[in-house]
Amino acid sequence: MKTLLATTALIGAFATSASAIDWSWENEITAEYAVDAEKTSMVYEPEMTIGLATDWELDIGTKIHIYDSTAKDDNFMLFDTLKEGSRPNLEFEVTYDVRENVELYGKTEWDIDDAERDEVTIGMSFSF
């Protein structure tokens with residue numbers, strides 16, 4: 001975890017000092033109510049996008065659960081984020097824009113609690 005945070009900080013510091021690297025930071029909070037399940041949830045999703053080279057991007061993000069009305073112990077889950085067994089996975093995705101509407105990608109997740117990589121997925125998307 002310390003290594004990952006240090007690496008992210010280093011990339012962030014390098015990205016701010018090097019004009020060749022384009023980067024952005026996005027935050028999204030989603031609150032939903034599932035009518036049939038009678039479940040209310042709120043999730044925070046921070047994401048950093050780094051432009052590695054022309055047409056290449058690296059996205060690093062996670063999903064942090066803030067509230068879940070169906071949780072057994074405590075509905076407010078934000079402060080459990082750093083507890084062992086409750087830590088969120090880190091999501092990594094590298095994309096390459098072949099054309100304006102064609103994208104190649106590779107993605108995986110890092111399970112912080114188990115200290116291991118999840119399935120690697122590669123693919124191509126076509127939008128029209």
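I take buried to mean under 20% relative accessible area, exposed over 50%, and partly exposed in between, with a 1.4 Å probe and protein chains only. By that scale R87, at 25% relative accessibility, counts as partly exposed.

I note that this is a predicted model, in which local features need pLDDT of at least 70 and side-chain atom pairs count only at pLDDT 80 or more, while totals for chains, interfaces and linings use all residues. Residues are numbered from 1 along each chain as its sequence is written, and side-chain values use heavy atoms, with hydrogens and water left out.

**Entry: salt bridges**

I looked up salt bridges, each a side-chain nitrogen of Lys or Arg within 4 Å of a carboxyl oxygen of Asp or Glu, and the count came to four. R87 pairs with E84 at 3.9 Å, N to O, and with D113 at 3.3 Å, N to O. I placed R87 in the loop between β4 and β5 and D113 in the loop between β6 and β7 (116-117), so this pair ties together parts that are 26 residues apart in sequence.

K83 is partly exposed at 48% relative accessibility, and D80 is partly exposed with a relative accessible area of 24%.

**Entry: second largest pocket**

I treated a pocket as an open set of points on a 1 Å grid over the protein atoms alone, where a 1.4 Å probe fits, with protein on both sides within 12 Å along at least five of seven lines; lining residues have an atom within 4 Å of a point. The second largest pocket holds about 280 Å³ of space, and of the 19 residues that line it, E47, D59, G61, E91 and E93 are the closest to its centre. I checked which strands contribute: β1 (22-34), β2 (39-53), β3 (56-62), β5 and β6 (102-111) each supply at least two lining residues, and β3 gives the most, with four. The lining divides into three nonpolar, five polar and 11 charged residues, where Asp, Glu, Lys and Arg count as charged and Gly is among the polar ones.

**Entry: F76**

I located F76 in the loop between β4 (64-68) and β5 (90-99), and recorded F76 as partly exposed, at 36% relative accessibility.

Definitions and conventions. Grid points are joined across faces, edges and corners, and a volume is the space filled by probe spheres set on the points.
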